[in-house]
Amino acid sequence: MDTLLHSRSSMAKRPCPSQNPRPPNHLNLLDRDHLLESFLDFSDSPPFAIDLSFERILDSRDSDADQTKLIDRALQLGSVLLEAGKRSARRHASKHNSAAWALPPDLTIKVFSMLDTQSLCYAAATCSMFNKCAMDPSCYANIDLTTVVPKVNNAVVSTMIHRAGNFLQSLKLGVVVPGPTTALGSCQPLVYTIRNSVDVSNFSWNDKRSRQGKESSILSRSCLSPLGGDSGAPGALLRRLHLYNIERMDNASLCGALAACKSLIDLEIVGLHVELRQTLVSVSANCHLIERLFFESSKQGRDDSLKSPACVELVNNCPHVSSLSLRGFKLHEYKVRILIKGFRKLKYVDFSTSYPITGSFLRNLGSNTNGNLLEVVILRDCMHLKVVEVDRLLNAVLSGDFKLLRHLDISNREGLASEGDWYYERCYSMSPTPLKQVLEQRPHLCILAEFPLEGSFADSDPMFDSEPYSECSLPSQMSTHSSDGSMFVSFSGSSYNSDHGSGNEDALDASYVLYEESSDEVY
């Protein structure tokens, strides 16, 4: 009995295999590697052979549930192997590129910092090594996100600015007008409209609205908010800011951005629905180092908000201005004179399409210090510009004033205004005598005087009552004298080269994609 009890006790203590079953898929690392290697050998087998083998395995299962479970496991295993293969391919390609690429990372970053923004995005998508180098903040010192149709949203701008950090030096945003580069002195409109675009077949203004949770491709008024913040914000060291046709931008948003850009020296604003006075007040209050100011109105002659105190404040607070362009605003003579006489370093002025200007602000200006520093004067398409004031200016040049003047543009698509009735009495030609004398005395001076056919203005509406920059506007004519009576005068010994243009010549019609992961394929 004791033996029997002991035997039963011993049997009870003996472990039962069914109580602690070994997991069927429990393999050590070596066994798993051998099994996977054997499994991968099947890749050399014909696809139909693997298909038949899998069908036989399915037929061996009795129930539909077991067959479904087996199919799910096959799909899961295939997905896991696919992702593992992609990751291994990326790592392998990255190692290969690192060994084959001749430049070390620091020189690669230096090269990337010289690329434009679109090319930098393409390089970042090439491989992991390039992506890592392209994430360096110095590569985003000069951000250019301009396009010919809206393709960039706030998220792209924010990501780029934060990548640059305190390295940010230049920022260009918005929609630029496509077309060939215009010559100095031309008054081609920079304000964007749908009909200006070359190809808008795939674009609709309805895209401004976010659909199904997708972000819009339109910049909003908060697109410049990443520039602000604490004292270490990216805008603190920004030197150049160019904004083109961001229609949702308002005064408050622009002024808030300018308040964060204390080191700004170059500001270009085209086609924004902002007020001239508020913008200049913000510039004078925050941007004391400004050297170049280019502002083209979106209203074309209807913005008369600028007041004399704002002009005086701008002159006193921004003494380094050397280039001033206020195009398409309703500027009066005394305000223009305050600006020109106040800025001691002014060399370049452009008041094109400012129809109230008659030219009287230039009287006795060339004899003082400020006038002698002027190198470029552009008064193109100023409706009230009088022929008598132009004659006075040429006589002042002949008398020795405006000693540094190299470029003068008095072209007008409606002709110059006469001394009497500026509307019905228009002058469509100039006396060749003073021009010939200027040519002899100042051979380096380039004078542009382009006028239309006589009488064309009387048959058309006034410029300030017509639609701005209509399609029927006269194009620039680059000829010395045309048979139809139009006139183009160019007295130039050497062409005048300047970087005071619109700044949108290199605009790219491109979509900017932020690549957080790259394909690592070798191209």
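A residue is called buried when its relative accessible area is under 20%, exposed when that area is over 50%, and partly exposed in between, with a 1.4 Å probe and protein chains only. The views below come from a predicted model, in which local features need pLDDT of at least 70, side-chain atom pairs count only at pLDDT 80 or more, and totals for chains, interfaces and linings use all residues. Residues are numbered from 1 along each chain as its sequence is written, and side-chain values use heavy atoms, with hydrogens and water left out.

**Figure 1. Two cysteines, Cys223 and Cys311, are buried.** Cys223 has a relative accessible area of 1%, and Cys311 is likewise listed at 1% relative accessibility. The structure holds zero disulfides, a disulfide being a pair of cysteine sulfur atoms within 2.5 Å.

**Figure 2. The protein chain as a whole.** The chain contains 15 helices and 12 strands; helices (H or I, at least four residues) and strands (E, at least two) are DSSP runs, numbered from the N terminus. Of its 523 residues, 44% are buried. Its accessible surface comes to about 27,600 Å², and carbon and sulfur atoms account for 54% of that surface; such areas come from the Shrake-Rupley method with a 1.4 Å probe, and for residues only the protein chains shown count as cover. Contact means heavy atoms within 4.5 Å. Among contacts between residues at least 6 apart in sequence, 81% join residues at least 24 apart.

**Figure 3. Strands β1 and β2 run parallel.** Strand β1 covers residues 142–147, and five of its six residues are buried, so the strand is largely enclosed by the rest of the structure. Six bridges join β1 to β2 (residues 170–175); two strands pair if DSSP finds at least two bridges between them. Within this pairing, Leu145 stands opposite Leu173 in β2. Together with helix α8 (residues 154–164), the two strands make a right-handed β-α-β unit. A crossover is right-handed if, with the strands pointing away from the viewer, the path from the first strand over the helix to the second runs clockwise.

**Figure 4. The largest nonpolar core has 96 residues.** A nonpolar core is a set of buried Ala, Val, Leu, Ile, Met, Phe, Trp, Tyr and Cys residues joined through side-chain atoms within 4.5 Å. Leu173, Leu224 and Phe351 touch the most other members of the largest core. Helix α14 (residues 387–398) supplies the largest share of this core, seven residues. Leaving aside neighbours within four places in sequence, Leu224 is in contact with Leu171, Leu173, Leu241, Leu243, Met249 and Ala257. A second, separate core of five residues includes Val176, Tyr244, Val270 and Phe294.

**Figure 5. Two asparagines, Asn245 and Asn364, have a positive phi.** Most residues other than glycine have a negative phi. Asn245, with a phi of about 50°, lies in the loop between β3 (240–244) and α9 (251–260). Asn245 is buried, at a relative accessible area of 11%. Asn364 has a phi of about 55° and is located in the loop between β7 (348–350) and α13 (369–373). With 64% relative accessibility, Asn364 is exposed.

Figure 6. Ser297 is buried, with a relative accessible area of 3%. Its C-alpha atom is separated by 9.8 Å from that of Thr353, a residue 56 residues apart from Ser297 along the chain.
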